[in-house]
Amino acid sequence: MAQFAVQRRCMVDGQLRTNRVVDEALIAALLEIPRERFVPDRLASVAYVDRDLPLEGGRFVMEPMVFARLVQLLAVSPGDVVLDIGCATGYSSAVLSRLCSTVVALECDSGLAETARLNLAESDIDNVIVVDGPLGEGYPDQAPYNAILLGGAVPEIGSALTDQLADDGRVAGVVADGPGPGCATCATRAGERISSRVAFDANTPPLPGFARAERFVL
């Protein structure tokens, strides 16, 4: 509808471009994908506000600015295979589908997974496969991935995910372990070496199924 198209443009121009989202392919995808179709009807009128949108069971659709900047960190290319962890209603996967070859959308909530499948099918998006499973384990069956997006905060980006990266693959998400703001972090694989960098401060709700690995102290 016309008012949603206007709101989509305002989101891009007012929330994203002003917060260093500059990748033109990403901006085109965000302008194309109708975010209002990927939220419950009760939230359609606020689909483009700059905050996380709550779903049932403590899940959410991520705030546009944080989501867009995380995707931008991944530097997704047209031939890439991308793992979208915690796809929820499928919006993140829909945007990613316009940037890469294939998206594997992982969701632990069977109800949300089915909603994502329906939303993607109704949007005629055919390069996304939605799979059910625990989020913290990733989805090694389809690895390696060129990029992995974490759709919420986690205590750390651990080897369970970085082991599923192709060489030069990237995983991006908000790392938050304790009080205070989290940090949008991108980890990159180069052979057997993993390097990480913090890009910006960010707050977003946690994803279920993640826990910091135990540390042994002597």
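How many positive and how many negative side chains does the chain have? There are 18 positive and 29 negative ones, and the centres of the two sets lie 6 Å apart. In that count, Lys and Arg are positive and Asp and Glu are negative, while His and the chain ends are left out. Each charge is placed at NZ of Lys, CZ of Arg, CG of Asp or CD of Glu.

Hello everyone, and a quick word on the model before we go on. This is a predicted model, where local features need pLDDT of at least 70 and side-chain atom pairs count only at pLDDT 80 or more, while totals for chains, interfaces and linings use all residues. Residues are numbered from 1 along each chain as its sequence is written, and side-chain values use heavy atoms, leaving out hydrogens and water.

Let's start with the overall picture. The chain has six helices and nine strands; these are DSSP runs numbered from the N terminus, with helices being H or I of at least four residues and strands E of at least two. The C-alpha atoms fill a box of roughly 60 × 35 × 35 Å along the principal axes. For 218 residues, a compact globule would have a radius of gyration near 17 Å, and the chain agrees, with 16 Å. That radius is taken over C-alpha atoms, and the globule rule is 2.2 Å times the number of residues to the power 0.38.

Buried residues make up 52% of the 218. Here, buried means under 20% relative accessible area, exposed means over 50%, and partly exposed is in between, with a 1.4 Å probe and protein chains only.

Now, the inside. In soluble globular proteins, nonpolar side chains tend to be buried together. The largest nonpolar core here has 57 residues, and Leu30, Leu70 and Tyr91 touch the most other members. Helix α3, residues 64–74, gives this core its largest share, eight residues. A second, separate core has 18 residues, including Val104, Val131, Tyr139 and Ile148. By core I mean a set of buried Ala, Val, Leu, Ile, Met, Phe, Trp, Tyr and Cys residues joined through side-chain atoms within 4.5 Å.

Have a look at Tyr91. Not counting residues up to four places away in sequence, Tyr91 touches Met11, Leu30, Ile33, Arg35, Phe38, Val61 and Phe67. A contact means heavy atoms within 4.5 Å.

Next, Ala94, which sits in helix α4, residues 91–97. Is Ala94 buried or exposed? Ala94 counts as buried because its relative accessibility is 0%. Leaving aside neighbours within four places in sequence, Ala94 is in contact with Ile33, Phe38, Leu120 and Ile125. Ala94 and Asn127 are 33 residues apart in sequence, with their C-alpha atoms 9.1 Å apart.

For contrast, find Glu192 in the loop between β8 (182–190) and β9 (193–202). Glu192 is exposed, because its relative accessible area is 74%.

Finally, some backbone details. Most residues other than glycine have a negative phi, and most peptide bonds are trans. Ala75, in the loop between α3 and β3 (81–85), has a positive phi, near 50 degrees. At 46% relative accessibility, Ala75 is partly exposed. Asp168, in strand β7, residues 165–175, also has a positive phi, near 70 degrees. And the peptide bond from Ala143 to Pro144 is cis, with omega near 5 degrees; you will find Pro144 in the loop between β5 (128–132) and β6 (145–154).
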